[in-house]
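Take a look at the charged side chains in this model. Where do they pair, and what do the pairs connect?

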Amino acid sequence: MASVLPEFKFFRISMPAEYVAHVEINRPDKLNAFHDPMWHEMRAVFNYLSFNPGVRCVLISGAGPRAFTAGLDVRSAAISGPIQAQAADPSRKANSLRHHILEFQSCVSAVSSCQKPVIALMHGYAYGLAIDIGTACDIRLCAKSTRFCVKEVDIGVAADVGTLSRLPKVMGGLTSWVKEVCLSAREFDAEEAYRVGFVSKVLPTKEDVVREGVEIATMIASKSPVAVQGTKNVLDATKGRTVEDNLSYTAVWNSAMLQSSDVERAMRAGLKKRTPTFEKL
């Protein structure tokens, strides 16, 4: 890992533990709401972390005490953007909007396609884009005070950068609940999020959430990076595949990964009751 981390205007990266990166959405004066430059920065941040051999697990949280993110900066979007842009005819306007949507989708997808496990540490307002980002993460924790909302119908649009595609898969068979919260834009609290399985843990405060996140990430980072990245890859590969297809995929994946020196190290350490260490991947 390089001793100097890259600097971004709207995101802060720190290393709270060995091999653990903590990304903070850093616009607290605006409740960490996203305007155009932030989308591309987020993609750059997660592309950097995905390919950095000094990082094995990533945390993402919102700076300040009030919000993970309040979602889209509606005021900024209303002033400028593709919706306001002029075009020669409706087809050309539609083409421009489609390109814009696909670009923003790719920025959120950079979180889900990160090779390292990503843990969302949610607190305060977690509206709109917060759900897009949260569903792109592998693990979600939240503070007791967190307020969630799939907010997009309240601003006249269907959520288009990830929630409507990922939330049904994250929630498994809870189709009725997913449709209820997406169609109504009603808030749901931390207790409900835990009850339906959207988050795996609820902690008393934001500080507790960050502390727990670092602890989980440190445990993950202590494992073989070959095994961890392979496990994430194979789990993600279950989407859209039958059990038989995924078993075949797993066999092909592990036919290469089982040749890693990590397997021998882990087994030898287990026999000697020692904690193994692993090389960077």
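Start with Arg-147, which is partly exposed at 31% relative accessibility. The model is predicted. Arg-147 makes a salt bridge with Glu-187, with 2.7 Å between the closest N and O atoms. Arg-147 sits in strand 8 (residues 147-149), while Glu-187 belongs to the loop between helix 6 (175-184) and strand 9 (188-189), so the bridge ties together parts 40 residues apart in sequence. Glu-187 is also partly exposed, its relative accessible area being 31%.

Glu-264 and Arg-268 form a salt bridge, their closest N and O atoms 2.1 Å apart. Helix 11 (residues 261-271) holds both of these residues, 4 residues apart, or about one turn of the helix. Glu-264 has 47% relative accessibility and counts as partly exposed. Arg-268, with a relative accessible area of 44%, is partly exposed.

Helix 7 (residues 190-196) contains Arg-195 and Glu-191, again 4 residues apart, about one turn of the helix. Their side chains meet in a salt bridge at 3.9 Å, N to O. That distance still counts, because a salt bridge requires the nitrogen to be within 4 Å of a carboxyl oxygen. Is Arg-195 buried or exposed? Arg-195 is exposed, with a relative accessible area of 55%; the cut-off for exposed is over 50%.

Salt bridges can also join into a network. Glu-180, Arg-186 and Glu-192 are linked in this way. How many salt bridges does the structure hold? The count is 15.

Note on methods. Residues numbered from 1 in each chain as written. Predicted model: local features only at pLDDT ≥ 70, side-chain atom pairs only at ≥ 80, totals over all residues. Heavy atoms only, no water. Helix = DSSP H or I, 4+ residues; strand = E, 2+ residues; numbered from the N terminus. Buried < 20%, exposed > 50% of the residue type's maximum accessible area, 1.4 Å probe, protein only.
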